[in-house]
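Subject: Structure handover

Hello,

Here is the structure I promised to pass on. Please open it first, then read the notes below.

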Amino acid sequence: MGKIQSVAELSDIRTTDHAFQTLQALANRYGVKTNYLDGPDKNRALTRFEFAAVLNQLLNKLLEAQDDIYSTQYNTVKEDVATLKRLQNVYGTITNDLATRLSSLDKQISGFEKRQFSTTTNLSGQLVGIATGGTRARITGVDRLRLDLNTSFSGRDLLLTQLEAGDNGQDAVGRAQNRRQNLLGTTGLLAGGGGLDYVEVPGAVTLSKLYYTIQAGAGFSFAIGPRLAPRDFIDANSFANGSDRNFSSSFFMNNPLIVQNQVDRPGGAGAVLTWKPDNLPLAFRGLYVAADAKNPNSSPVRGGLFGDRYQGSLELEYSLSKDIVTRFQFTRAAINNIDIFAGGINAEWAISRQFAVFGRYGIGSYSGFSTLLGRNLDLTPKRGRSGQLFVIL
């Protein structure tokens with residue numbers, strides 16, 4: 001960096017300059033695409049202002065994905081932020097805004113270091129206490145405590161360990177459905193029918209998630225573990241995807257035809273393969289999870305790694321732009337001797353930082369002799385919403 005001249009002495013940043021090559025390497029690492037580096041004129045020199053624009057895009061990328069990046073690539077990100085600071089210092093007269101944003105990243109890294117459980121593990125927790133009621137339903141209390149330990153050994157991997165305990169509380173939806181065999185309740189035996197995500201968590205501390213994810217290179221990542229939840233990998237939504245981030249109701253968090261309640265809530269042994277090509281606006285995901293893998297001789301239906309209850313899902317994600325994303329999905333499952341086939345679409349449009357429109361739609365086929373009802377089922381359920389307007393405060 002000491003060889004780079006000051007801005008006053010340079011009109012352009014040439015492709016042979018160390019600063020240009022450093023910036024290009026960082027942009028490739030974090031998937032930042034820009035016409036300045038990747039367009040038809042990618043081999044020409046950059047002006048000082050174009051150089052500043054790419055720096056700004058890199059900072060935006062780090063800020064937008066800071067939690068995921070810090071958890072999985074902390075040491076690498078810390079070094080890259082230091083590199084960006086050196087670049088900004090050399091080209092410091094370009095814009096004062098870069099200095100402000102870098103200072104903000106520095107503070108966030110310091111805060112992350114204070115929250116580290118160890119040199120390799122970040123510990124976070126969530127305590128929820130909520131009152132629930134409904135028509136002809138008395139008010140009840142629901143509590144849940146979760147602890148997440150995110151461990152990275154190389155900066156390109158993540159071991160997630162999640163512990164939780166609750167008060168086994170129920171909501172109005174669960175209480176009403178429990179009187180009808182709980183087929184479509186919050187913890188529905190056939191499918192999730194909405195309600196609070198925090199309900200019916202046992203009082204004893206349990207291991208709710210345990211899986212290991214590694215970046216395998218060339219856009220591939222692979223996850224495997226004995227306690228894996230499909231919702232962590234498919235049917236994502238930037239605005240409605242998890243009770244710990246936005247909505248408490250499972251109506252908003254997932255499509256119950258694509259993410260099967262009886263596999264997702266208890267979790268199970270399984271694996272997930274993700275491919276996200278660097279040069280395409282696409283992502284491919286495939287998963288298989290068996291909720292009763294540890295009970296091969298369970299009754300009345302046979303469990304095991306390839307027995308009842310399981311789900312296999314495929315998802316294709318296409319980004320029309322950074323603000324408009326669609327996901328096409330297919331799920332094959334077996335739940336309590338019912339064969340399930342389902343397809344779905346998940347779309348979102350971030351109109352601005354304050355407004356977004358999103359929705360999910362699915363259609364499925366449920367057939368077979370139900371061991372719960374003692375009769376044959378032949379159902380074609382549909383689940384969808386014409387649209388939802390979400391205001392971000």
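A contact here means heavy atoms within 4.5 Å. By that rule, residues 24 or more positions apart account for 59% of the contacts in the protein chain with a separation of 6 or more.

This is a predicted model, so local features need pLDDT of at least 70 and side-chain atom pairs count only at pLDDT 80 or more, while totals for chains, interfaces and linings use all residues. Residues are numbered from 1 along each chain as its sequence is written, and side-chain values use heavy atoms, with hydrogens and water left out.

Confidence comes next. pLDDT is the predictor's confidence in each residue, from 0 to 100. The protein chain averages 79, and 79% of the residues score at least 70. Residues 1-11 are one of them, with 18 contacts beyond four places in sequence in the model. Residues 385-393 also stay under 50, with 22 such contacts.

Now the overall picture. The protein chain has eight helices and 16 strands. These are DSSP runs numbered from the N terminus (helices: H or I, at least four residues; strands: E, at least two). Of the 393 residues, 44% are buried. Buried means under 20% relative accessible area, exposed over 50%, and partly exposed in between (1.4 Å probe, protein chains only).

Next, the strands. Two strands pair if DSSP finds at least two bridges between them. Strand 6 and strand 7 are antiparallel, over six bridges. Tyr212 stands opposite Ile224 in strand 7. The hairpin of strand 6 and strand 7 has two residues between the strands, and Ala218 takes a positive phi near 55° there. Strand 7 also pairs with strand 8 (residues 268-275), antiparallel over seven bridges. Gly225 stands opposite Gly270 in strand 8.

Then the aromatics. A search of the whole structure finds six aromatic pairs. Rings of Phe, Tyr and Trp (its six-membered ring) pair if their centres lie within 6.5 Å; planes under 30 degrees apart count as stacked, over 60 as edge-to-face and the rest as tilted. Tyr211 and Phe233 have ring centres 5.2 Å apart and planes at 55°, so this pair is tilted. Tyr211 lies in strand 6 (residues 206-217) and Phe233 in the loop between strand 7 (220-228) and helix 7 (250-253), so the pair ties together parts 22 residues apart in sequence. Tyr211 is buried at 8% relative accessible area. Phe233 is buried at 15%.

Phe239 and Phe358 form a stacked pair, 6.0 Å centre to centre with 20° between the planes. Phe239 sits in the loop between strand 7 and helix 7, and Phe358 in strand 13 (residues 355-370), so this pair ties together parts 119 residues apart in sequence. Both Phe239 and Phe358 are buried. Separately, Phe220, Trp275 and Phe284 form one aromatic cluster.

Last, Gln329. Which strand holds Gln329? Gln329 is found in strand 11 (residues 324-335). Gln329 is buried, with a relative accessible area of 6%. Its side chain makes a polar contact with the side chain of Glu315 (2.9 Å). A polar contact is a pair of N or O atoms within 3.5 Å; within protein, one must be able to donate a hydrogen and the other to accept it, and residues adjacent in sequence count only if both atoms are side-chain atoms. Leaving aside neighbours within four places in sequence, Gln329 is in contact with residues including Asp235, Ile258, Ala342 and Asn346.

Best wishes
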